[in-house]
Amino acid sequence: MYRISLNTLKTTTTRQFSTTSTNLVNYGFVGLGQMGQHMAKHIYNNLEQDDQLYVYDSVPEATDKFVLGVTEENPTNSLKLTKLPTLSSFTTDVDGQLDFIVTMVPEGKHVKSVVEEIITSYKQNGYSPEYKTTIIDSSTIDIPTSQEIHKYVKETIPEFDFIDAPVSGGVAGARKASLSFMLSRDTISDVSPALTTLLNKMGKNIFPCGSKHGTGLAAKLSNNYLLAITNIAVADSFQLAKTFGLNLQNYAKLVAVSTGKSWASVDNCPIPGVYPDANLPADVNYNGGFITKLTRKDVVLATTSAEKFGRFLFLGDVGRHWYDKACERPDIANRDLAVLYEWLGDLKQAENGDIIDTKGGEHK
Ligand code: NAD
């Protein structure tokens with residue numbers, strides 16, 4: 001890896017590359033929320049000798065908290081970490097052009113504005129066309145928006161790249177650096193060694209999903225659609241078992257070795273006390289975990305992306321309807337998706353067929 005100074009670019013036409021070190025990488029990170037703070041921390045903790053990390057969040061307190069937290073815990077790399085005040089400072093306040101910028105922000109509109117601002121700044125402030133800056137977007141967003149951003153980057157600075165690299169593993173996976181990355185690359189050999197090094201700092205698995213931009217997101221949304229739908233089915237099944245008067249802990253263990261087995265019924269079992277050593281959300285009143293409103297977000301992204309690709313999702317509308325309703329209750333929306341089991345228990349069917357949420361409103 002070599003780095004070119006942007007100041008060099010501004011003042012002279014001769015580009016001065018240094019090729020003396022193989023450990024010379026400039027990382028940028030945008031979005032220090034639930035996931036991003038842990039991902040950026042692992043990059044920080046695993047910086048090589050001459051690497052630098054530049055971080056930014058639109059909430060300045062989030063950036064301050066991150067910088068304070070990681071440097072207090074591990075002062076060794078503190079001189080390699082810089083908090084940036086704006087997105088355009090990624091192109092002006094850094095020691096050289098960035099190699100990688102990871103974005104981990106809520107929605108497509110945020111990714112779009114972040115990328116547009118950074119790319120516009122590079123256009124204004126100078127960049128080396130020989131030197132490729134790659135933006136890695138790990139946010140979960142819709143495929144058409146991601147494709148639009150990719151097209152924008154390629155049309156504006158063809159040498160730069162924008163790669164969809166969404167993750168699975170949730171906050172726990174981000175904290176443990178055990179995330180799985182889904183990448184729009186055909187094979188693992190299409191993932192550059194430098195990108196592999198970066199992703200390995202934050203995760204354990206890299207899944208190449210296809211050659212076209214957006215296939216990483218396609219894999220993420222297909223999987224999370226499956227998760228959302230099986231999660232409702234699991235909640236419904238356990239409520240049925242409860243109505244039948246079954247011993248629910250024994251029923252859960254039966255399901256775990258039967259055809260109803262799934263991540264939602266076993267690894268994230270909604271019945272408290274079945275796996276006391278596993279630290280499941282069900283054992284802590286469904287707190288933590290992957291919250292229902294994010295599951296809803298992924299169902300919406302999967303159904304809208306499917307529509308744009310001309311694919312009708314047979315359980316899409318049903319799933320969307322029930323996640324919409326569940327998220328009308330903040331106590332359900334903000335807890336782990338296994339709480340749908342508890343929520344379905346609050347629903348009763350009236351004589352006219354309407355569904356009443358005994359702790360909320362009426363659901364048609
Ligand atoms: P979050 O809301 O906790 O964090 C997002 C961060 O981005 C916030 O700190 C926010 O201030 C910042 N931000 C928003 N707009 C910005 C902008 N324009 N510029 C700079 N910073 C900006 O969200 P999260 O839970 O960390 O999730 C981030 C993404 O990862 C989402 O797309 C989410 O769907 C996806 N994801 C989340 C999980 C999870 O379990 N939380 C798991 C997998 C994927």
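Y127 and F160 are both buried (under 20% relative accessible area, with exposed over 50% and partly exposed in between, for a 1.4 Å probe and protein chains only). The model is a predicted one, in which local features need pLDDT of at least 70 and side-chain atom pairs count only at pLDDT 80 or more, while totals for chains, interfaces and linings use all residues. Residues are numbered from 1 along each chain as its sequence is written, and side-chain values use heavy atoms, with hydrogens and water left out.

Six aromatic pairs are present in the structure (rings of Phe, Tyr and Trp, the latter by its six-membered ring, with centres within 6.5 Å; planes under 30 degrees apart count as stacked, over 60 as edge-to-face and the rest as tilted). The rings of Y27 and F100 are stacked, because their centres lie 6.3 Å apart and their planes meet at 20°. This pair connects distant parts of the chain, with Y27 in strand β1 and F100 in strand β4, 73 residues apart (helices, H or I of at least four residues, and strands, E of at least two, are DSSP runs numbered from the N terminus). Y27 and F100 are both buried. Y127 and F160 form an edge-to-face pair, at 5.4 Å centre to centre and 70° between the planes. Y127 is in the loop between α5 (108-125) and β5 (134-137) and F160 in the loop between α6 (143-156) and β6, so the pair ties together parts 33 residues apart in sequence. Together with Y122, residues Y127 and F160 form one aromatic cluster.

The strand order β3-β2-β1-β4-β5-β6 describes an open sheet of six strands with parallel pairing (two strands pair if DSSP finds at least two bridges between them).
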